[in-house]
Amino acid sequence: MKKLAPSILSADFARLGEDVSEIERGGAHLIHVDVMDGHFVPNISFGAPVMKSLLGRTKIPFDVHLMIENPEKYIDSFLTDNTEYITVHQEACVHLHRVIQQIKAAGVKAGVSLNPATSLDTLRWVLEEVDMVLLMSVNPGFGGQKLIPQVIDKARELDEIRRAEGLDFAIEIDGGVTLDNVRTVTEAGVDIAVAGSAVFGADDICGRTEEFVRLMNEAQSRR
């Protein structure tokens with residue numbers, strides 16, 4: 001099943017609970033939690049307390065994306081009964097395999113993210129270990145950017161590798177996903193689409209979420 005993961009980085013933090021209720025009504029599958037430290041990426045977002053403020057307010061699982069240096073030091077902070085994925089960046093991990101094992105030992109699914117210019121080859125020896133590969137389709141750090149089209153080809157290549165090697169990790173894409181390109185992204189083999197401003201910037205957040213889910217389902221039926 002294809003999944004939509006709206007990024008709360010683009011939500012209205014003065015009414016975060018209400019915005020999350022809207023995406024839940026619209027059928028969102030995951031809540032994407034973009035954590036930025038101002039070092040690994042040129043911006044600061046929020047930490048675990050903001051995410052944990054949603055506990056008891058939603059049943060949608062958390063999809064935690066750590067865009068931070070030394071992520072292994074902070075993994076425990078994001079462990080909750082609602083956490084499904086914790087994703088770290090290949091570029092931020094000196095000992096990537098060790099961090100993947102640390103996440104899985106904590107009882108959640110482990111994801112690894114690649115920046116747009118980082119080769120898929122850097123994951124060659126950990127693909128059997130990961131539950132998800134997140135492909136950044138913008139340079140991380142800010143919301144509202146346009147999708148870099150070459151990353152769609154990267155998703156296709158990763159899907160081909162997955163099929164050829166009989167692996168079952170999910171492919172996620174993050175950055176610049178809109179109603180205009182979500183079908184193309186899904187048809188390229190992406191399983192989870194992250195959308196921020198394209199969802200939370202809508203006047204009708206619930207309706208926009210429903211539209212994304214519909215388009216992804218239609219694209220899946222054509223694969």
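Visitor: What does Leu-66 touch, leaving aside residues up to four places away in sequence?
Guide: In this predicted model, Leu-66 touches Val-35, Pro-71, Ile-75, Phe-78, Ile-86, Thr-87, Val-88 and His-89. Contact here means heavy atoms within 4.5 Å.

Visitor: What makes the set around Ile-8, Ile-31, Val-33, Val-64, Leu-66 and Leu-135 a nonpolar core?
Guide: A core is a set of buried nonpolar residues joined through side-chain atoms within 4.5 Å. The largest such set has 63 residues, and these six have the most contacts inside it. Helix H7 (residues 205-222) gives the largest share, five residues. Another core, of seven residues, lies apart from it; Met-132, Ala-170, Ile-192 and Val-194 are among them.

Visitor: Why are E1 and strand E8 called paired?
Guide: Pairing needs at least two bridges. E1 and E8 (residues 192-195) have four, in the parallel sense, so they pair. Ala-5 stands opposite Val-194 in E8.

Visitor: What makes E1 and E2 edge strands?
Guide: The open sheet runs E1-E8-E7-E6-E5-E4-E3-E2, with parallel pairing. Strands E1 (3-6) and E2 (31-36) each pair on one side only. The twist averages 25° from one strand to the next.

Visitor: Which residues of helix H3 are buried?
Guide: In H3 (residues 96-105), they are Leu-96, Val-99, Ile-100 and Ile-103. Buried means under 20% relative accessible area.

Visitor: How do you know that they lie on the same side of H3?
Guide: They cover an arc of only 100° around the axis, which puts them on the same side. Strands E4 (83-89) and E5 (109-114) are included in what covers them. The face turned away carries exposed Arg-98 and Ala-105.

Note on methods
Residues numbered from 1 in each chain as written. Predicted model: local features only at pLDDT ≥ 70, side-chain atom pairs only at ≥ 80, totals over all residues. Heavy atoms only, no water. Helix = DSSP H or I, 4+ residues; strand = E, 2+ residues; numbered from the N terminus. Axes fitted to C-alpha atoms, helices over the stretch in contact; angles between N-to-C directions. Buried < 20%, exposed > 50% of the residue type's maximum accessible area, 1.4 Å probe, protein only. Arc of directions from axis to C-beta.
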